[in-house]
Amino acid sequence: MIDKLEFFIALARAQHFGRAAEECGITQPTLSAAIRQLEDQLGVMLVNRGSRYQGLTPEGQRVLEWARRIVGDTRTMREEMRAARRGLAGHIRLAVIPTALSMVPRITGPFQEKHPDVTFSVSSRTSLQVLSLLENLEIDAGITYLDNEPLGRVTSVPLYAERYHLIAAAGTPLSDRDQVTWREVADLRLCLLTADMQNRRIINQHMADAGVSVKPTLESNSMIVLFSHIRTGRWASIMPRNVAESFGFSAEIRLIPISEPEAEHSVGLVAQYREPFTPLVSALLHEARRLADLQAFQ
């Protein structure tokens, strides 16, 4: 039953029998047979079928919720028994919004010192992707915004507040200022994150509140691309101060606070809500709370 539920979750995620089978490491006929056996066991149709996958039935949507819960609990049980035998070990999958990538070592570093048998994989994702990956059990935790868009049923630990600055090369417009406004920044040649990023949606909203619209001449989903363009002196950008500082800019790059209003948004660790958490996720949440407490006193 657990294997069949795993296959069903993969099918709902991939929305294609062939891709789901490949993801599960089985043949398409094996996957199709497992889904039909699951339907027979439950006595309902789960998948709308035609010449190809056509989505889940209403019953299938409900079973998907149960499947995620059951599979998640099963993984928790297995991991807890493994931890009881061998101590904390395993692999943690993290998805992180681009503006928070620079602070990840502040969690992973101390965590691995305490638990050397735990490894990490860290991927850069949009805030919506972080929540989708969590829901589909494709990651163990994420780092994303906590206060700008609905999070759903998650456990969250606030880590820090993003505060926005104009990042510009010395000698360029507004670079000699101690403070600028959102309205003034709108007139610059800007390079910003792409529109699918929540950071960009936040910037767009603050610009709109100031009565202007933002028209970047360059967009990217990579912070490195933005930084490299700032260094040319032809572009400026709007970024959280902690992100800019992580790249070790010299005196040739200015970080200027943006006011009217002074924007601040909370970023934190999120994990799918469940009791109990897996030992790995529980330890990760503990490490996040430790980091949050440390930063509260800085």
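This is a predicted model: local features need pLDDT of at least 70, side-chain atom pairs count only at pLDDT 80 or more; totals for chains, interfaces and linings use all residues.

Modeller: Let's start with Cys191, which is buried, because its relative accessibility of 0% falls under the 20% cut-off. Cys24 has a relative accessible area of 27%, so it counts as partly exposed. As for disulfides, a search of the whole structure turns up zero.

Now for the rings. A pair of aromatic rings is described by how far apart the centres are and by the angle of the planes. This structure has three aromatic pairs. One of them joins Phe17 and Tyr53, edge-to-face, with 6.2 Å centre to centre and 70 degrees between the planes. Phe17 belongs to helix α2 (residues 17-24) and Tyr53 to strand β2 (residues 53-56), so this pair ties together parts that are 36 residues apart in sequence. Phe17 is buried, at a relative accessible area of 11%, and Tyr53 is buried too, at 14%. Phe111 and Phe120 also make an edge-to-face pair, this time with 5.4 Å centre to centre and 80 degrees between the planes. Both of these Phe residues, Phe111 and Phe120, are buried.

Rings can have charged neighbours as well, so to finish, look at two arginines. Arg69 lies over the face of Trp66, 4.5 Å from the ring centre. Over at Trp235, the charged end of Arg189 sits over the ring, at 5.7 Å from its centre.

Definitions and conventions: Residues are numbered from 1 along each chain as its sequence is written. Side-chain values use heavy atoms; hydrogens and water are left out. Rings of Phe, Tyr and Trp (its six-membered ring) pair if their centres lie within 6.5 Å; planes under 30 degrees apart count as stacked, over 60 as edge-to-face and the rest as tilted. Helices (H or I, at least four residues) and strands (E, at least two) are DSSP runs, numbered from the N terminus. Buried means under 20% relative accessible area, exposed over 50%, partly exposed in between (1.4 Å probe, protein chains only). A charge sits over a ring if NZ of Lys or CZ of Arg is within 6 Å of the ring centre and within 35 degrees of the ring normal. A disulfide is a pair of cysteine sulfur atoms within 2.5 Å.
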